[in-house]
Amino acid sequence: MYTWSFAPIFQASDLFLWGAWITVVYTVGSIAIGLVLGLLLCFARLSGIGPISWLAQGFQELFRCTPLLVQLLWIYYALPLLLGFDLANWAAALITLSLYAAAFYAEVFRGGIISIDKGQSEAGAAIGMSGWQIMRRIVLPQAIRRMMPAFINQSVTQFKNTSLISVISVAELTYMASIVNGQTYRPLESYTVLAVLYFVILFPITKFADIVESRTRGGH
Amino acid sequence: MTVSTSSTRETVLEARGVTKSFGALTVLHGIDLSLTSGEVVAIIGPSGSGKSTFIRCMNMLEVPESGEILYRGRRVGPKFRGGGRLLGLGELRRHVGMVFQHFNLFPHMSVLENVIEGPITVQRKPRGEAVDIAMDYIAKVGLAEKRDARPDQLSGGQKQRVAIARALAMQPDALLLDEITSALDPELVGEVLGVVRNLAEQGMTMVLVTHEISFAADVSNRVVFMEGGRIADQGSPDRVLHNPDNERLKTFLARFHA
């Protein structure tokens, strides 16, 4: 029978807390950059200008159809050989997470925008609005409301995906758990605490997503 | 009423040889129509005759393949901003309003916000002035007490009256009304037609695509009968609707008199 012993783990609680903080920083940072890039990618795809639209779609497919871990390894270990200079692990991590997020957020944006009835754009055009005014004043405000559930779900995934950057030694939550395990030789406790920490952070967010989703449905 | 052919009246909007196809289907075979100031033109015809496509060409929501649209004698170009001798789409639409079959109100805005959107965003009017103008038109369509309501709290007839107020708040030179009662329950048609009748009496220049034949007879100066993407007949309401000599038109009208 296994004897649980959390005492050594709790002694390392500052490592877990720091790791959780770093995880939040990478999540928020990559979501922020990913949203901006994702919106640009989405506009590029909807631009109707062939080459720009294809390029954006190609980028999206590349990042959606390869594993995030492979992207991370490629950008950290392979890309520097082409660039001629090394990337710091934090930079490789942030770049990869952001580009990956952008590919998925672009699809969330695009889905929201094309779900808005064409009559809305026409009504804007009919009072003399420009394309950009229609997007900003009429389409996006409605589309953003509709895309909130998908946005929150994608962001929850983004939070969990940060665990992968531990393989290039970024000291986020998962990396810290492996450090604690190395020091205490207590993998069961170390990784259980790790899983519980992810859960207590994400569970309320997914509940919040459910509430938003039911409200969105109720509104239409 | 008689056909308004007086040359002293200014031409507001004109279509010359407008053609349009969707894929292999040619919807408009070269339509000419000019609209003089204060005139009310009703376009009637069977489904698929190209009426709606044509009225949408008049403010370039559909871009004609050939032919041209002129606003006060200036040819309208394909771009939002004008340039050289071409008038931009933005400017055309600031002066020529449109009301749609399915209202197309902005659901994330209140009644008042819907109506001030154009004056503020497009005409760059100060908010106070825009609200004054908007409330004036909202009151004219009889919805002053609904100023803060959301579109989903309104009946179809109320929605369409807000849509008319939204178009009027731009203080347009002419209005295009595309089957504006077709999506309404029968008991709500009257309130919308009443608003249009008032506009006609006040001299608003209008083109209306409609299935309401008796209303067309009542409110218009000229009736245009379209069939198969062409203007098959046009003239005074009395001649076109009550004494038709065109066989196709007779067949079409017989369905309404039955």
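Modeller: Let's begin with two terms: a residue is buried if 20 or more other C-beta atoms, placed from the backbone, lie within 10 Å of its own, exposed if 12 or fewer do, and partly exposed in between. A nonpolar core is a set of buried Ala, Val, Leu, Ile, Met, Phe, Trp, Tyr and Cys residues joined through C-beta atoms within 7 Å. The model is predicted, with local features needing pLDDT of at least 70 and side-chain atom pairs pLDDT 80 or more, while totals for chains, interfaces and linings use all residues. Residues are numbered from 1 along each chain as its sequence is written, and chains are lettered from A and ligands numbered from 1 in the order written.

Colleague: Which residues have the most contacts inside the largest nonpolar core?

Modeller: That core contains 120 residues. Its largest share, 14 residues, comes from helix α5 (residues 89-114) of chain A; helices (H or I, at least four residues) and strands (E, at least two) are DSSP runs numbered from the N terminus. The residues with the most contacts inside the core, though, are B:I43 and B:V115.

Colleague: Which way does B:I43 point from its strand, and what stands opposite?

Modeller: Strand β3 (residues 40-44) of chain B has five of its five residues buried. B:V40, B:A42 and B:I44 point one way, and B:V41 and B:I43 the other way. β3(B) runs parallel to strand β8 (residues 205-209) of chain B over four bridges, where strands pair if DSSP finds at least two bridges between them. In β8(B), the residue opposite B:I43 is B:V209.

Colleague: What about β9 of chain B: which of its residues stands opposite B:I44?

Modeller: β9 covers residues 222-227 of chain B, and four bridges pair it with β3(B) in the parallel sense. Opposite B:I44 we find B:F225.

Colleague: Which strands lie at the edges of the six-stranded open sheet?

Modeller: Read across, the order in chain B is β6-β7-β8-β3-β9-β10, with mixed pairing. An edge strand pairs on one side only, and here the edges are β6 (96-99) and β10 (230-235) of chain B.

Colleague: And which residue is the bridge partner of B:V99 in β7(B)?

Modeller: β6(B) and β7 (residues 174-178) of chain B run parallel and are joined by four bridges. The partner of B:V99 there is B:L177.

Colleague: How many residues of chain B are in contact with chain A?

Modeller: Two residues are in contact if their C-beta atoms lie within 7 Å. Chain A brings 16 residues to this meeting, with α6 (118-126) and α7 (131-161) of chain A each giving two or more.

Colleague: What is the radius of gyration of chain B?

Modeller: Buried residues make up 45% of the 258 residues in chain B, and the C-alpha trace spans about 55 × 50 × 40 Å along its principal axes. The radius is taken over C-alpha atoms, and the globule rule is 2.2 Å times the number of residues to the power 0.38. A compact globule with 258 residues would come near 18 Å, so chain B agrees with its 18 Å.

Colleague: Last one: is B:P46 buried or partly exposed, and why?

Modeller: B:P46 sits in the loop between β3 and α1 (51-58) of chain B. Beyond its neighbours within four places in sequence, B:P46 is in contact with B:E227 and B:F252. Because B:P46 has 15 C-beta neighbours inside 10 Å, it counts as partly exposed.
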